[in-house]
Amino acid sequence: MNTKLMMTAAAGAIFAGGFSTAASADDLTLCWAAWDPANALIELSKDFEAQSGHNMSFEFVPWTSFADRMLNELNSGGQLCDLMIGDSQWIGGGAENGHYVKLNDFFDANGISMDDFIPATVTGYAEWPKNTPNYYALPAFGDVVGWTYRKDWFERPELKTEFMDTYGRELGVPASLEELKDIAEFFQGRDIDGTTVYGAAIYTERGSEGITMGVTNALYNYGFQYENPEQPYDIDGFVNSDGAVAGLEYYKALYDVGTPPGSSNWYMGENIDAYRSGQVAMQMNFAFIWPGVEADENVGGGKSGYFPNPAGPAGQYAQLGGQGISVVSYSDHQDAALEYIQWFAQPEVQSKWWELGGYSALKAVVEDPGFATSQPYAQTFLDSMAIVKDFWAEPAYADLLIAMQERMHNYVVAGEGTAKEALDGLVRDWVEVFEDEGKI
């Protein structure tokens with residue numbers, strides 16, 4: 001069920017900091033996913049209400065139905081949302097279909113420069129076409145797939161000794177994906193304090209985007225590429241390269257030897273639950289969960305550690321998450337929505353956003369000398385955001401995603417066919433989509 005949260009503030013408050021004062025208070029609705037960062041944004045936005053006189057409402061939708069719900073809203077020209085924190089993959093459709101207001105002139109008029117934000121977040125969340133200075137969003141929430149591990153378990157002397165005897169190296173943060181698989185297999189079915197535990201919670205969910213957001217962390221690092229770097233939409237031999245096949249085989253092997261029973265359809269929430277309840281030694285998850293891990297009485301307070309997605313034979317990359325914030329073109333309150341964008345872009349607001357549990361993409365925040373030590377996971381966030389890659393952001397991204405979800409799940413979880421057959425099939429699926437789009 002969709003959650004709607006209403007907030008009010010004193011009307012007539014003066015918009016501080018040199019911003020224009022609204023002639024009358026508008027009711028703005030901001031749409032996003034229902035997750036912990038959204039609750040932090042509610043708290044942060046109280047300052048905007050107090051300064052602007054506008055009233056904020058929030059429409060938060062669970063991740064598993066977020067895309068269906070919000071893309072239907074946009075495609076129908078609906079007026080529910082004045083501001084949309086849409087997923088990174090939506091930027092192409094938002095731009096080409098006219099759902100999002102182009103922000104270049106607004107940025108120029110208000111001294112907002114995309115040079116002030118982490119480059120990967122500008123490319124990932126704001127630009128269309130990619131690598132062109134055409135902006136349809138402000139980077140709002142930097143996110144990336146990383147790893148959480150039970151540091152307290154890794155430090156147990158008896159486990160360290162056994163691991164060294166078995167693998168000939170220290171039990172610690174893995175330097176490679178193969179080392180990560182060894183650790184997962186080492187903990188699989190092990191007794192920890194009278195409880196049977198397992199190696200790792202990884203993404204396997206089929207219905208939305210889960211297994212794609214997981215398997216890419218192996219595919220990228222083994223050599224998978226979305227297309228020929230010299231010829232857009234030329235995908236045969238890149239999506240299904242020998243390295244890509246090896247990466248997919250790796251992910252299935254990790255699933256087979258190191259994951260909990262019954263984890264055939266897990267995504268963010270299931271992984272969080274498995275980790276917090278002490279079922280797994282490691283979890284793959286987006287960085288947004290880390291503040292909650294630190295605050296958890298079972299796994300926080302120094303019991304957990306964090307590391308970026310480890311390297312593979314073809315390099316070290318991690319799947320980009322995160323979102324930009326856009327003004328919806330169908331809104332009757334675009335001026336007030338732009339005021340929110342202007343307010344949100346301020347360095348002091350972005351700093352508070354980080355303090356509340358949001359992940360700022362502003363360089364002034366993340367390059368501050370104290371940032372890396374401000375939280376136990378801050379350095380891992382920085383290291384991870386430096387190695388990101390993202391899924392297609394084409395207007396047809398949903399069709400591309402559906403095909404990948406099916407092909408990956410059928411192979412990794414259901415064990416159908418070979419990795420080569422799965423990727424060859426994906427090439428056929430994607431070629432058909434791009435042919436229908438007139439791209440090839």
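Predicted model: local features only at pLDDT ≥ 70, side-chain atom pairs only at ≥ 80, totals over all residues.
1. Residues are numbered from 1 along each chain as its sequence is written, and side-chain values use heavy atoms, with hydrogens and water left out. Local features need pLDDT of at least 70 and side-chain atom pairs count only at pLDDT 80 or more, whereas totals for chains, interfaces and linings use all residues.

2. T121 counts as buried because its relative accessibility is 0% (buried means under 20% relative accessible area, exposed over 50%, partly exposed in between, with a 1.4 Å probe and protein chains only). The side chain of T121 reaches the backbone oxygen of I118 at 2.7 Å.

3. In helix 11 (residues 268-276), the buried residues are M268, N271, I272, A274 and Y275. Seen down the axis of helix 11, these residues fall within an arc of 165°, so they line one face of the helix (the arc is that of the directions from the helix axis to the C-beta atoms). Just after helix 11, G278 takes a positive phi of about 80°.

4. The whole structure holds 15 salt bridges (a side-chain nitrogen of Lys or Arg within 4 Å of a carboxyl oxygen of Asp or Glu). One of them joins D193 and R156 at 2.8 Å, N to O. D193 lies in the loop between strand 6 and strand 7 and R156 in the loop between helix 6 and helix 7, so the pair ties together parts 37 residues apart in sequence. D193 counts as exposed at 61% relative accessibility, while R156 is partly exposed at 22%.

How values were computed: Polar contact = N/O pair within 3.5 Å; in protein donor to acceptor, adjacent residues only side chain to side chain. Helix = DSSP H or I, 4+ residues; strand = E, 2+ residues; numbered from the N terminus.
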